[in-house]
Amino acid sequence: FLVVDDEELVREVTVMMIEDAGGAALTARDGIEAVSTFKANHQKLAVVLMDFSMPNLNGFQAFEQMQEINSAVPVVLVSGLKITPEAESARATGRLGFLNKPFKQDDVLNVILRALERKK
C-alpha cells in the first residue's frame with residue numbers, strides 16, 4: 001500500500017490501521033513524492049490511498065501521473081472536501097475510489113477491499 005497525505009498524523013494513523021489488519025505501507029508527504037514513490041514501487045503496490053488536497057500536486061493530478069505509469073494499481077482519493085468534477089468523473093467510471101474524512105479503520109479496510117475488487 002502507499003499512503004499519501006501532507007498531514008503526518010493522518011499518514012501515521014492510516015498506516016497503523018493498515019498494519020493492524022496485516023498490511024504494510026509506504027508513505028509520501030505530497031503529490032510529487034507520491035508519484036516518485038509510486039514509480040519506484042508500482043509493481044508491488046496493491047492500492048494507493050491519497051489525500052486530495054496537498055501541496056505541489058493535488059491528489060487528482062498525482063493520480064493522473066500514476067495512471068500513465070501503471071493504470072492497474074487502484075487509487076483511492078481521501079478528502080473532507082468536495083472533489084473536482086474531473087475527479088468525480090474518474091470516480092464515476094470506476095477508475096478512482098473515494099473515501100471521506102474523517103474515517104474509521106472499517107472505512108479504510110472497506111474502501112481497500114472495494115478497490116481490490118475493481119482491480120480484478
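Two packed helices are described by the angle between their axes and the distance between the axes. In the predicted model, helix α1, which spans residues 8-20, packs with helix α5, which spans residues 105-119, at an angle of about 70 degrees, and the axes of these two helices lie 10 Å apart. Because angles from 65 to 115 degrees count as roughly perpendicular, α1 is described as roughly perpendicular to α5. The crossing by which α1 passes α5 is right-handed. On the side of α1 the contact is made by M17, I18 and D20, and on the side of α5 it is made by Q105, V108, L109 and I112. When the residues of this contact of α1 with α5 are divided by class, five are nonpolar, one is polar and one is charged.

A second pair of helices, α2 and α3, packs at an angle of about 15 degrees, with the axes 9 Å apart. Since angles under 35 degrees count as roughly parallel, α2 and α3 are roughly parallel to each other. The crossing of α2 and α3 is right-handed. From α2, the residues G31, A34, V35, F38 and K39 take part in the contact, and from α3 the partners are A62, Q65, M66 and I69. By class, the contact of α2 with α3 consists of six nonpolar residues, two polar residues and one charged residue.

In soluble globular proteins, nonpolar side chains tend to be buried together. In the model, the largest nonpolar core holds 23 residues, of which L2, V4, V48, M50, F60, M66 and L96 touch the most other members. At least two residues of this core are supplied by each of β1 (2-4), α2 (31-41), β3 (48-51), α3 (59-69), β4 (75-79) and α4 (85-92). The greatest contribution to this core comes from α3, which gives four residues. When residues up to four places away in sequence are not counted, M50 touches V4, A34, G59, A62, F63, M66, V75, V76, L77 and V78.

Not counting residues up to four places away in sequence, S79 touches D51, F52, F98, L99, N100 and K101. The C-alpha atoms of N100 and S79 are separated by 5.2 Å, although the two residues are 21 residues apart along the chain.

Most residues other than glycine have a negative phi, and most peptide bonds are trans. K101 and P102 are joined by a cis peptide bond, for which omega is about -5 degrees, and P102 lies in the loop between β5 and α5. N56, which is not a glycine, has a positive phi of about 75 degrees; the residue is found in the loop between β3 and α3. N56 has a relative accessible area of 55% and is therefore exposed, since exposed means over 50%.

N56 is also a contact partner of I32, which touches N56 and L57 when residues up to four places away in sequence are not counted. I32 is placed in helix α2 and counts as partly exposed at 48% relative accessibility. The C-alpha atoms of I32 and A92, which are 60 residues apart along the chain, are separated by 25 Å. H42 is placed in the loop between α2 and β3 and is buried, with a relative accessible area of 14%. Leaving aside neighbours within four places in sequence, H42 is in contact with I69, N70 and V73. Among these partners, I69 also takes part in the contact between α2 and α3.

Methods
Residues are numbered from 1 along each chain as its sequence is written. This is a predicted model: local features need pLDDT of at least 70, side-chain atom pairs count only at pLDDT 80 or more; totals for chains, interfaces and linings use all residues. Side-chain values use heavy atoms; hydrogens and water are left out. Axes are lines fitted to C-alpha atoms, for helices over the stretch in contact, and angles run from 0 to 180 degrees between N-to-C directions. Angles under 35 degrees count as roughly parallel, over 145 as roughly antiparallel, 65 to 115 as roughly perpendicular and the rest as oblique. A crossing is left-handed if the near helix is turned anticlockwise from the far one by less than a right angle, and right-handed if clockwise. Contact means heavy atoms within 4.5 Å. Ala, Val, Leu, Ile, Met, Phe, Trp, Tyr, Cys and Pro count as nonpolar, Asp, Glu, Lys and Arg as charged, and the others, Gly among them, as polar. A nonpolar core is a set of buried Ala, Val, Leu, Ile, Met, Phe, Trp, Tyr and Cys residues joined through side-chain atoms within 4.5 Å. Buried means under 20% relative accessible area, exposed over 50%, partly exposed in between (1.4 Å probe, protein chains only).
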